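Dear colleague,

I am handing over the structure below, followed by an account of what was found in it. Please keep it open beside you while you read.

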Amino acid sequence: MSKIHTSNNKYSFIDKFFLSYTDEEKWLNKMASEGMCLVKKSFYRYYFNYEPSADYRYSVELLEHPANNPLSAEYIEKKRQNGAELVAFYKCRAYFRMDEETYKYQSIVAKKTRVKSVASMFAVFLISYIASVLMFCYHCVSSLNFTVNVSAEKMSAVTDEFSFFGFFEKLAKLIRLDKLLGDYQSTPVALMFFIVAVLFAIPTAVYFRELFLMRKSKIEKQIQSEIKK
């Protein structure tokens with residue numbers, strides 16, 4: 001359970017970060033069921049008003065332009081006329097509040113707007129992840145086969161000048177990776193790409209799961225519609 005804080009303006013806020021839109025929307029609706037109504041959103045902070053008698057549902061949408069951009073005004077007004085009120089936004093991520101009946105069809109529209117964005121982000125992270133893994137493998141092979149074209153003196157000068165690379169060299173020695181791969185100049189570079197690959201693997205997995213959940217949700221709706229027929 002996330003810790004709830006109270007700000008000077010008497011709003012309650014919770015610090016939380018989501019990569020998954022599905023998980024974020026589910027969490028907001030869980031908070032709403034407990035009387036916590038979203039009023040503002042920043043990068044990682046959610047602000048709430050406590051309204052125990054309120055009965056709202058929230059839908060998270062990705063707009064083509066930031067919500068405060070005039071180009072988004074027409075779409076937001078159309079949503080308002082259909083019963084969905086914009087209560088918070090962060091850049092292109094918009095948070096609409098509505099009643100249960102409106103949510104049943106508005107949430108379907110919201111998920112359609114997410115698919116393209118989620119697929120694009122998944123592709124970017126997947127390509128970055130694969131590139132990092134390939135570079136890691138290349139430098140591992142370089143270390144094992146001793147195919148280093150840079151002299152130790154030149155590499156030492158580089159690591160002295162660029163402390164960022166020097167950090168990976170020290171880390172490689174600390175975890176004895178240099179002994180495993182041959183103590184050559186490609187070893188710290190291999191470690192650097194390994195760490196980068198791990199970092200890219202996390203959002204890649206999250207967005208893959210997001211696409212799976214969207215697909216699963218679509219299949220469930222198709223089954224329900226067939227049952228109704």
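The protein exposes about 14,400 Å², of which carbon and sulfur atoms supply 61%; accessible areas come from the Shrake-Rupley method with a 1.4 Å probe, and for residues only the protein chains shown count as cover. This is a predicted model, in which local features need pLDDT of at least 70 and side-chain atom pairs count only at pLDDT 80 or more, while totals for chains, interfaces and linings use all residues. Residues are numbered from 1 along each chain as its sequence is written, and side-chain values use heavy atoms, with hydrogens and water left out.

The protein holds seven helices and seven strands, taken as DSSP runs (H or I, at least four residues, for helices; E, at least two, for strands) and numbered from the N terminus.

Three of the strands form an open antiparallel sheet in the order β5-β7-β6. Because β5 (57-62) and β6 (85-90) stand at its edges with a single partner strand each, one side of each has no neighbour in the sheet. Six bridges join β5 to the antiparallel β7 (residues 93-98), where pairing requires at least two DSSP bridges between two strands, and R57 stands opposite M98 in β7.
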